[in-house]
Amino acid sequence: MLVYGHDREIAEWVADRIPHVREFSECTGIGIVSQDRLLAGLIYHDYQSAHGTIQLSMAAVSPMWAKKENIKELLRYPFEQLKCYKVWTATPIENDNALKVNAHIGFRREATLAHQFGKKRHAVIMRILRPDYDRIFGEERNGKIST
């Protein structure tokens, strides 16, 4: 089950689980709950409406949240409600699990930022664009993709 409207609580939960994050300022949080337990939290922040971009940070205690129907619903917020063209993440280069989860969701590697999280702690920038979202999660009707 997805949980909305608890931005601060979800942001604190996610920040507690990401070593390079202390807190999120202005953000929107969505949680994934199963049996009254928060399995994952997604934080949308650094929204640039003029450019159609937003950053996504996430944390999870179980991979059980990463079902296609959950991912589609979670990505509806930036792509359909905010009308973003690009959602991006910055992940420590050594965090193989997070990079695999991002790729599973549909994100693609875009760049590496040297020393982004401190000396010798590089970040992998990954992104999913609106056409990728439409291709992966869109519904086909009469030969056309729609969401």
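Colleague: Which residue stands opposite Gly-41 in E4?

Modeller: Gly-41 stands opposite Ala-59 in E4. The model is a predicted one.

Colleague: What makes E3 and E4 a pair, and in which sense do they run?

Modeller: Two strands need at least two bridges between them to count as a pair. E3 and E4 have 7 bridges, in the antiparallel sense, so they are a pair. They also form a hairpin, with 4 residues between the strands. In that turn, Gly-52 has a positive phi of about 70 degrees.

Colleague: How do you know that E4 and E5 pair, and is the sense parallel or antiparallel?

Modeller: The same cut-off of at least two bridges applies. E4 and strand E5 (residues 86–92) share 3 bridges in the parallel sense, so they pair. Ile-54 stands opposite Val-87 in E5. Between these strands the chain passes through H2, and this β-α-β crossover is right-handed.

Colleague: In what order do the strands of the sheet lie?

Modeller: The order is E1-E2-E3-E4-E5-E7-E6, an open sheet of 7 strands with mixed pairing.

Colleague: Why are E1 and E6 said to stand at the edges?

Modeller: E1 and strand E6 (108–113) each have a single partner strand, so one side of each is left without a neighbour in the sheet. For E6, there are 5 bridges with E7, in the antiparallel sense. Arg-109 has Met-126 in E7 as its bridge partner. On the sheet packs H1, which touches E1, E2, E3 and E4. The direction of H1 makes about 100 degrees with that of E3.

Colleague: What makes E4 "mostly covered"?

Modeller: Buried means under 20% relative accessible area. Of the 8 residues in E4, 7 are buried. In helix H1 (residues 7–17), the buried residues are Ile-10, Ala-11, Trp-13, Val-14 and Ala-15.

Colleague: Which residues touch the most other members of the largest nonpolar core?

Modeller: They are Leu-42, Tyr-44, Trp-65, Leu-74 and Leu-75, in a core of 28 residues. Its largest share, 5 residues, comes from H2.

Colleague: What does Trp-65 touch, leaving out residues up to four places away in sequence?

Modeller: A contact requires heavy atoms within 4.5 Å. By that rule Trp-65 touches Ile-32, Leu-39, Ala-40, Leu-42, Met-58, Ala-60, Asn-70, Ile-71, Leu-74, Val-101 and Ile-105. There is also a second, separate core of 11 residues, including Ile-10, Ala-11, Val-14 and Ala-59.

Colleague: Why might nonpolar side chains gather like this?

Modeller: In soluble globular proteins, nonpolar side chains tend to be buried together.

Note on methods:
Residues are numbered from 1 along each chain as its sequence is written. This is a predicted model: local features need pLDDT of at least 70, side-chain atom pairs count only at pLDDT 80 or more; totals for chains, interfaces and linings use all residues. Side-chain values use heavy atoms; hydrogens and water are left out. A nonpolar core is a set of buried Ala, Val, Leu, Ile, Met, Phe, Trp, Tyr and Cys residues joined through side-chain atoms within 4.5 Å. Buried means under 20% relative accessible area, exposed over 50%, partly exposed in between (1.4 Å probe, protein chains only). Helices (H or I, at least four residues) and strands (E, at least two) are DSSP runs, numbered from the N terminus. Axes are lines fitted to C-alpha atoms, for helices over the stretch in contact, and angles run from 0 to 180 degrees between N-to-C directions. A crossover is right-handed if, with the strands pointing away from the viewer, the path from the first strand over the helix to the second runs clockwise.
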